[in-house]
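The paragraphs below begin with a single residue and then move to cores, a pocket, helices and loops.

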Amino acid sequence: MTIIQELKQLFTEQFSTSPTHIVRAPGRVNLIGEHTDYNDGFVLPMAIEHAIYIALRARKDDTVHIFASNFDDTFAFNLEDFKKDGMSPAEYVKGMTRALQNAGYNLRGWDGVLKGDIPIGAGLSSSAATEMAIGQAFKAVGTIDATPAQMAQMGQWVENDWLGLGSGIMDQMISASGQAGSALLIDCRSLDTEPVPLPEDTAVVILDTGTRRGLVDSKYNERRQQCEEAATFFGVPKLRDLTLEQFFAREQELPELPRKRARHVITENERVLKARDALKAGDAAVFGQLMNASHVSMRDDFEISSDALNAMVNHAQRQPSCYGARMTGGGFGGCAVALVGRDAAEVFSEVVTRDYVAQTGHTPAAYISQPTQGAGILD
């Protein structure tokens with residue numbers, strides 16, 4: 001049974017009728033460009049097959065009533081009278097609802113069943129996918145003409161203002177705007193995007209370490225503050241505006257931590273643009289070298305890796321079929337990502353996860369992925 005068949009069956013069980021719409025919003029894996037988004041920099045993610053789905057049907061009143069299958073939880077609220085209440089999964093739904101209302105949309109109530117196959121807490125953006133799926137659900141039953149970029153901005157508002165997490169806009173942008181067959185270069189200042197196809201004989205392998213972190217409780221917001229401190233020191237709006245030459249000329253005047261954080265962001269932005277060029281030239285080897293360098297920068301300068309992530313990346317990089325590997329996502333746990341030869345992807349996944357288990361004892365998972373389409377209404 002497919003996930004869509006499961007959704008329809010669950011909807012009938014919950015609401016004694018059939019859904020009229022199915023919407024989908026994908027998770028993402030970031031190939032390169034970590035913690036550059038909230039510095040107005042460049043990122044190169046791709047939308048993945050794993051996604052959040054909602055089966056839904058419009059109501060005649062102003063109530064949103066949802067069964068969240070993955071959490072076996074039901075919640076409801078009135079569109080005219082709701083507020084933030086804790087940090088439950090319902091807050092992503094309520095936050096996106098408020099963001100749409102703030103944008104001036106007159107929303108309609110609906111019944112829905114939400115189900116996803118994105119591993120929770122793995123750094124594959126299940127939260128951003130949920131936000132984008134909620135936006136599509138309201139679009140399916142109403143008159144919403146928001147562009148993908150506008151939907152992404154509303155999702156970022158949920159993270160920043162509703163939930164208090166200082167994240168950038170990459171996750172929402174790729175979930176909203178992903179293109180089948182291509183990664184997407186995103187300029188996180190202008191929100192301009194550029195499709196970047198992967199070499200035909202390659203595959204992306206997502207390597208889940210089986211370890212988790214909570215972004216709100218992590219050092220994520222601290223890293224953002226350190227980046228802002230460095231930008232203020234150099235008198236620029238964001239680290240995006242600082243060249244390597246300008247940074248190197250005065251880096252020793254900065255305290256150690258802001259200096260290291262800034263060095264990562266500035267060099268990472270350069271790596272992203274070089275990675276775009278390498279992929280457009282079909283040069284998987286150069287792209288892989290940039291991935292490897294990115295991991296070193298995140299490990300040593302931004303200090304967001306972990307023993308588990310380092311172990312997974314090391315095992316991946318040892319394989320002859322691997323062009324490059326790096327941790328991906330917010331850090332402190334979750335997933336690594338590797339670019340490998342397509343024909344060797346399954347063997348690569350088996351060998352790397354086997355060696356990783358032998359070293360760490362954690363229970364990993366591997367997903368071979370190709371870029372998929374962004375959020376939309378399926379049915």
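**From the core to the loops**

Leaving aside residues up to four places away in sequence, Leu44 touches Asn30, Leu31, Ile32, Ala183, Leu184, Leu185, Val196, Val272, Ala275, Arg276, Leu279 and Phe287, where a contact means heavy atoms within 4.5 Å. The model is a predicted one, in which local features need pLDDT of at least 70 and side-chain atom pairs count only at pLDDT 80 or more, while totals for chains, interfaces and linings use all residues. Residues are numbered from 1 along each chain as its sequence is written, and side-chain values use heavy atoms, with hydrogens and water left out.

Leu44 belongs, together with Trp110 and Phe287, to the residues with the most contacts inside the largest nonpolar core, which has 66 residues. Such a core is a set of buried Ala, Val, Leu, Ile, Met, Phe, Trp, Tyr and Cys residues joined through side-chain atoms within 4.5 Å; buried means under 20% relative accessible area, exposed over 50%, and partly exposed in between, with a 1.4 Å probe and protein chains only. The element that gives the most to this core is helix H3 (residues 126–141), with eight residues; helices (H or I, at least four residues) and strands (E, at least two) are DSSP runs, numbered from the N terminus. In soluble globular proteins, nonpolar side chains tend to be buried together.

On a 1 Å grid over the protein atoms alone, a pocket is an open set of points where a 1.4 Å probe fits, with protein on both sides within 12 Å along at least five of seven lines, and lining residues have an atom within 4 Å of a point. The volume of the largest pocket is about 880 Å³, a volume being the space filled by probe spheres set on grid points that are joined across faces, edges and corners. Its lining comprises 47 residues, and those nearest the centre are Tyr92, Ile120, Gly121, Ser126 and Ser127. Two or more lining residues come from each of strand S3 (63–68), helix H2 (90–102), strand S5 (110–116), H3 and helix H5 (170–177). By type, the lining divides into 22 nonpolar, 16 polar and nine charged residues, with Ala, Val, Leu, Ile, Met, Phe, Trp, Tyr, Cys and Pro counted as nonpolar, Asp, Glu, Lys and Arg as charged, and the others, Gly among them, as polar.

Helix H4 (residues 148–162) has 15 residues that should span 21 Å at 1.5 Å a residue, and its end C-alpha atoms are 20 Å apart, which agrees; the expected span is 1.5 Å times one less than the number of residues. In H4, Met151, Ala152, Met154, Gly155, Gln156, Val158, Glu159 and Trp162 are buried, and what covers them includes H2, H3 and H5. Just after H4, Gly164 takes a positive phi of about 80°. Asn102, in helix H2, is exposed at a relative accessible area of 53%, and its C-alpha atom is separated by 9.0 Å from that of Met154, 52 residues apart along the chain.

Another pairing across the sequence involves Gln14 of helix H1 (residues 3–15), which is partly exposed at 36% relative accessible area. Gln14 and Val113 are 99 residues apart in sequence, yet their C-alpha atoms are 8.2 Å apart in space; beyond residues up to four places away, Gln14 touches Phe67, Thr74 and Val113.

Helix H11 (residues 345–360), with 16 residues, reaches 22 Å from its first C-alpha to its last, close to the 22 Å expected. Its buried residues are Ala345, Phe348, Ser349, Val351, Val352, Thr353 and Tyr356, and they pack against strand S8 (202–208), helix H10 (307–318), strand S9 (322–328), strand S10 (335–341) and strand S11 (365–369). Just after H11, Gly361 has a positive phi of about 80°.

Two loop residues other than glycine also take positive phi values. Asp40, with phi near 60°, lies in the loop between strand S1 (21–32) and strand S2 (42–58) and counts as buried at 18% relative accessibility. Asp72, with phi of about 50°, lies in the loop between S3 and strand S4 (73–78) and counts as exposed at 63% relative accessibility.
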